[in-house]
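Student: Hi! Could you walk me through this one, starting with the aromatic rings?

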Amino acid sequence: RHIFLICACAFLWLMMMGSKNVYTAEIVEIMDVFGRNRRDVSMGMTFYFIVYSVVQIVFCFFMKNVNVKWYILITIGLSGVVTVLIAFMFRLEQLWWLLALNGLLQAMVWGMCMSALKKHLPSRLLPVANTVMNVGTAVAGVISYGTASLFVSFSRWDLPFIVLGILLSLSAVIFFVAVKINEQRINDEQILTDTV
């Protein structure tokens, strides 16, 4: 159950970073598709990071009161849908709004993963979890740029958003299940302790 939780957190982080960075990986293609310059297209990620940063600053005061598994299931489940929607937009300004919304939805992924890992893992596994999570950042770059290159070569700039959006929502479900299994084990151990 501990390894499953580590893998679930890493997969969640990997899919969030991969789906976010695919926009940057495709910036030249998006410029061509929408007939806009680099400055206009880059505004999408500017909006994303402004919202992402503000939410992180504000949310850190409330994080301890949040149910981690439900928060991730809802926000990242929705983020996957928003990522898929990017593929179907026909105006650049629509992408800006969707990316800003994704900044809101994705802002607490790292914090929530760290919270779940700290709560459910024995201390000996925390360094392992930290290493796996940090490797996920590098792998996410390969995923975002790799999928972008692959699908752009087929003249399908939109498919990476669809594929990675679906996988992002799936990662939220897997995270939910992993946390639930670990919580159930704690509850079972508590019941056993109480009866003894």
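Tutor: Happy to. Rings of Phe, Tyr and Trp (its six-membered ring) pair if their centres lie within 6.5 Å; planes under 30 degrees apart count as stacked, over 60 as edge-to-face and the rest as tilted. This is a predicted model, where local features need pLDDT of at least 70 and side-chain atom pairs count only at pLDDT 80 or more, while totals for chains, interfaces and linings use all residues. Residues are numbered from 1 along each chain as its sequence is written, and side-chain values use heavy atoms, with hydrogens and water left out.

Student: Okay, so how many aromatic pairs come out by this rule?

Tutor: The count is 9 aromatic pairs. One of them is Y48 with F49, an edge-to-face pair with 5.1 Å centre to centre and 85° between the planes.

Student: Is Y48 buried or exposed?

Tutor: Y48 is buried, at a relative accessible area of 1%. Buried means under 20% relative accessible area, exposed over 50%, and partly exposed in between (1.4 Å probe, protein chains only). F49 is partly exposed, because its relative accessible area is 37%. F49 also forms an edge-to-face pair with Y52, 6.3 Å centre to centre with 75° between the planes.

Student: Where do F49 and Y52 lie?

Tutor: Both are in helix 3 (residues 38–59), 3 residues apart, which is about one turn of the helix. Helices here are DSSP runs (H or I, at least four residues), numbered from the N terminus. Y52 counts as buried because its relative accessibility is 12%.

Student: And which residues do ring pairs link into a cluster?

Tutor: F34, W157 and F161.

Student: New topic: which residues line the largest cavity?

Tutor: The lining is S19, K20, Y23, T83, I86, L99, N102, Q106 and F161. A cavity is a set of points, on a 1 Å grid over the protein atoms alone, where a 1.4 Å probe fits but cannot get out; lining residues have an atom within 4 Å of a point. About 40 Å³ of space lies in that cavity, and the structure holds 1 cavity of 30 Å³ or more.

Student: Which helices supply at least two residues of that lining?

Tutor: Helix 1 (2–25), helix 4 (68–86) and helix 5 (92–106).

Student: Last one: what does D40 touch?

Tutor: L92 and W96, leaving out residues up to four places away in sequence. Contact means heavy atoms within 4.5 Å. D40 lies in helix 3 and is buried, with a relative accessible area of 14%.

Terms used:
1 Å grid on protein atoms, 1.4 Å probe; cavity = no way out; pocket = protein on both sides within 12 Å on 5 of 7 lines; lining within 4 Å. Points joined across faces, edges and corners; volume = space filled by probe spheres on them.
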